[in-house]
Amino acid sequence: MVNGYAAESLQQALDILVNTDAVPYAGGTDLMVENRPDVKYLFLKKIPELRAITVDEQYVHIGAAVTFTEAIANPDVPKLMKEAITLIGSPAIRNAGTFGGNIGNGSDKADSVLIEFAADAKICLVSQAGERLVDVAHFYLGRKKLDLHPGELIKEILLPRYGLEQYTYQKVGGRKALAITFVSFAGVFQYFKCAMAGLRILRPHLGQPGTPSRDIRILKRCFL
Amino acid sequence: MPDISFVLNGKETSYAGSATERLLDVLHNSCCVAIGAVVGSCVVTLEGYRETERYAVMDKAFADVSAVQCGFCTPGMILAAEALLSKNPHPDETEIREGLSGNLCRCTGYNAIIRAVQKAAEEGNGLW
Amino acid sequence: MIELEIDTYTGCVKVLDALGIYDVGTPIDYNVLIGQMEGGFLQGIGFASIETMVYDRNGYIRNNNFSDYLIPTTLDVPNLRVLLHDSEYSEGPFGAKGAGELPLIGAPAAYLAAVEQALGGTRLNHVPFTAEDVVAVLAKEGKANA
């Protein structure tokens, strides 16, 4: 038996988060397989700020509860991100999985997060105290540890609108669908900057496990 | 309370695809959807879908090409095919394979299932 | 017969063509039979490539769920085909022979033989032969990134 809270607004969600031990639930695809006993979920899918994709001059703002399928259909989302999230899981998983969940569970295997690393994205966190912007590179503190304070929700991901047009991306998984990534590589080239690359290594014997890495030495070792 | 016997536990990982349902015309693995998340939404399971004309076409196609061996994957395959055809009434083989890529089958090697979906798409002309 | 190509950068194997020809006597129900042949053939390819089974010291299978024990999906071997060698078997009912166990048997050997040939002839002696195993062979022979 699960007791849950359904929030209709961001403020309501933040109140519930502070006053209960509810776990934020967007798509549920990572949470539900954990099968936590006596867990209470805070359902976020009705909160408009978390479901929106908007643009400003510099960034595309992708709400934390936007699903991968929705992002793939949206013309403002950069192609590199679309390419990566198209390879996640399966159609049903993409219909439920969200950007907030993909980074929020602290996994080192998150496909959208790799692109956020390569693109120098920012994460917008919100709490009763207001909003806070964090560079994605500083958001991961270690395996399954995030710079997420109690009472904070991930509000949206800020992806640069421009500069991601020249890219390369490859995912190596166990099979062609329903595959957790073993190794993946995203490289972005911008003419006025050095090439940036994000790489996630999941085989500990190859290098530093867990977090995506931009260290070129680790990149070289990963590909022999 | 209707018997929702076909919303199976997809082995608790969301990977089997055998626990499938359609939520507001969107395919979901029901083993990964908490009830609280769908309050106020329209959920269609195979039991409801079985009453439709589209299902009759699908049923006949699966039977005609013998796309069922043990049958365990079949409910999920049918709902995934329905979700696919709703968005893309005339998919090519690659699109069918992608649409059904979240449904695992151990018995058939998938070829007959793909043929069944192709047949349903041809014969159900106008329904999707 | 399995034809495949290996990405020497990632070790990933792509099956280009998989053809199985089976002699099961007279087919009684052709479609159901072909379904069994295709199913078993794909099981054999999975067995040879991605179905790593990890046991602990007490014999318990550690990867006992669908996300850790990988079986092929619709996208993995889209070009699998099966033919029957049509010949009536005089000793069997209506000319038929047992069919179900057959298609699994030859597939892993065919797969591994193709991988051996692709990797230049080094004898390989275990299945599943995963992408990591491929990379290990390539690295040992200095052929990685070729």
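## Contacts along chain C

Counting contacts in chain C between residues at least 6 apart in sequence, 71% join residues at least 24 apart. Two residues are in contact if their C-beta atoms, placed from the backbone, lie within 7 Å.

This is a predicted model, in which local features need pLDDT of at least 70, side-chain atom pairs count only at pLDDT 80 or more, and totals for chains, interfaces and linings use all residues. Residues are numbered from 1 along each chain as its sequence is written, while chains are lettered from A and ligands numbered from 1 in the order in which they are written.

## Confidence

The model has an ipTM of 0.91 and a pTM of 0.89. In chain C the mean pLDDT is 93, and 97% of the residues reach 70 or more. Here pLDDT is the predictor's confidence in each residue, from 0 to 100.

## Layout of chain C

Chain C contains three helices and three strands, in the order β-β-α-β-α-α along the sequence. Helices (H or I, at least four residues) and strands (E, at least two) are DSSP runs, numbered from the N terminus.

Along the principal axes, the C-alpha atoms of chain C fill a box of roughly 55 × 40 × 25 Å. Of the 146 residues in chain C, 35% are buried. A residue is buried if 20 or more other C-beta atoms lie within 10 Å of its own, exposed if 12 or fewer, and partly exposed in between, with C-beta atoms placed from the backbone.

## A cis peptide bond in chain C

The peptide bond between Val127(C) and Pro128(C) is cis, with omega about -5 degrees. Pro128(C) sits in the loop that runs between helix H2 (102-118) and helix H3 (131-140) of chain C.

## Positive phi in chain A

Asn35(A) is not a glycine, yet its phi is positive, near 55 degrees. Asn35(A) belongs to the loop between helix H2 (31-34) and strand E3 (40-43) of chain A. Asn35(A) is exposed, because 8 other C-beta atoms lie within 10 Å.

Asp38(A), also a residue other than glycine, has a positive phi near 60 degrees. Asp38(A) is in the loop between H2 and E3 of chain A. It has 8 C-beta neighbours inside 10 Å and therefore counts as exposed.

## Where chain A meets chain B

In chain A, 21 residues are in contact with 20 residues of chain B. On the side of chain A that touches chain B, strand E1 (3-6), H2, E3 and helix H6 (91-96) each supply at least two residues. H6(A) gives the largest share, five residues.
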